[in-house]
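Please read it with the model open and follow each point on the chain.

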Amino acid sequence: MDNEVIVKALPLHTDLLTKKPDLDLITCVDMRILRDSATGLIRQKLTTDIWNQLREAYVAGSLLGTAIDNTNAGINYAQEFLSFLERQLELNDLDVLEIGCGTGYLASRVSQRTKSVLGIEPGGQHLEAWKSFGVNVRRGFFPDVLDDGQLFDAIYSCSVVEHFPDLENHFRDC
């Protein structure tokens with residue numbers, strides 16, 4: 001059974017690359033946190049309001065994301081996640097999908113060890129980074145941007161599950 005805690009008026013920061021006067025994004029949200037009383041695991045209960053705000057911000061070109069890039073902290077973060085992937089999978093000769101690839105830095109690192117990597121990212125705020133890292137990225141939302149019947153040997157996401165409105169059903173599409 002889940003216990004729910006509501007954190008009132010939590011700031012929601014969206015840094016748009018270009019100002020859009022017709023876009024009215026909220027700056028505070030009531031975040032719902034669920035704690036599973038049996039396991040102690042904590043997760044965000046993503047409400048429709050928050051999901052809609054995140055979706056609009058991504059599409060508009062907001063800089064929402066993790067620090068997985070070619071900065072000092074980002075390089076270390078990417079290496080830790082890459083090590084995790086390598087402990088779970090034999091990456092050689094795999095076709096891999098990254099859902100929510102951000103700057104594409106992690107995808108570029110994974111691509112050095114696999115047959116291919118395709119990244120998915122909703123917004124276009126990282127176009128230049130994708131080019132500089134030489135990664136193949138499709139703009140849009142999973143699974144909508146995939147070709148019918150497109151298959152991958154492995155699919156991963158790093159630091160993006162809080163953006164999925166229905167986590168259990170989201171991964172059924174994998």
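**Notes on the predicted model**

1. The structure holds 4 salt bridges. This is a predicted model, and the points below should be read with that in mind. Side chains of opposite charge can pair when their charged atoms come close. Three of these pairs are taken up in turn.

2. Start with Glu86 and Arg113, whose side chains form a salt bridge at 2.6 Å, N to O. Glu86 belongs to helix α2 (residues 72–88), while Arg113 sits in the loop between α3 (105–111) and β5 (116–121), so the bridge ties together parts that are 27 residues apart in sequence. Are the two residues buried or exposed?

3. Lys115 and Asp95 make another salt bridge, at 3.9 Å, N to O. This pair links distant parts of the chain, as Lys115 is in the loop between α3 and β5 and Asp95 is in strand β4 (residues 95–99), 20 residues apart. Lys115 counts as exposed because its relative accessibility is 58%, and exposed means over 50%. Asp95 is partly exposed, at 22%.

4. The salt bridge between Lys131 and Glu128 spans 3.6 Å, N to O. Here both partners lie in helix α4 (residues 127–133), 3 residues apart, which is about one turn of the helix. Both Lys131 and Glu128 are exposed.

5. Which residues does Phe81 contact, leaving aside its neighbours within four places in sequence? Phe81 is in contact with Leu106, Tyr156, Ser157 and Cys158.

6. Thr103 deserves a look of its own. Thr103 is found in the loop between β4 and α3. Thr103 counts as buried because its relative accessible area is 12%, and buried means under 20%. A polar atom of the Thr103 side chain lies 2.9 Å from the backbone oxygen of Ile68. Not counting residues up to four places away in sequence, Thr103 touches Ile68, Asp69, His126, Ala129, Trp130 and Phe133.

7. What is the order of its 4 strands? The strands run β6-β5-β4-β7 in an open sheet, and the pairing is parallel. The edge strands, each pairing on one side only, are β6 (136–139) and β7. Neighbouring strands are turned by 20° against each other on average, direction ignored. Between β5 and β6, which run parallel, there are 4 bridges.

Notes: Residues are numbered from 1 along each chain as its sequence is written. This is a predicted model: local features need pLDDT of at least 70, side-chain atom pairs count only at pLDDT 80 or more; totals for chains, interfaces and linings use all residues. Side-chain values use heavy atoms; hydrogens and water are left out. Helices (H or I, at least four residues) and strands (E, at least two) are DSSP runs, numbered from the N terminus. Buried means under 20% relative accessible area, exposed over 50%, partly exposed in between (1.4 Å probe, protein chains only). Contact means heavy atoms within 4.5 Å. A polar contact is a pair of N or O atoms within 3.5 Å; within protein, one must be able to donate a hydrogen and the other to accept it, and residues adjacent in sequence count only if both atoms are side-chain atoms. Two strands pair if DSSP finds at least two bridges between them. Axes are lines fitted to C-alpha atoms, for helices over the stretch in contact, and angles run from 0 to 180 degrees between N-to-C directions.
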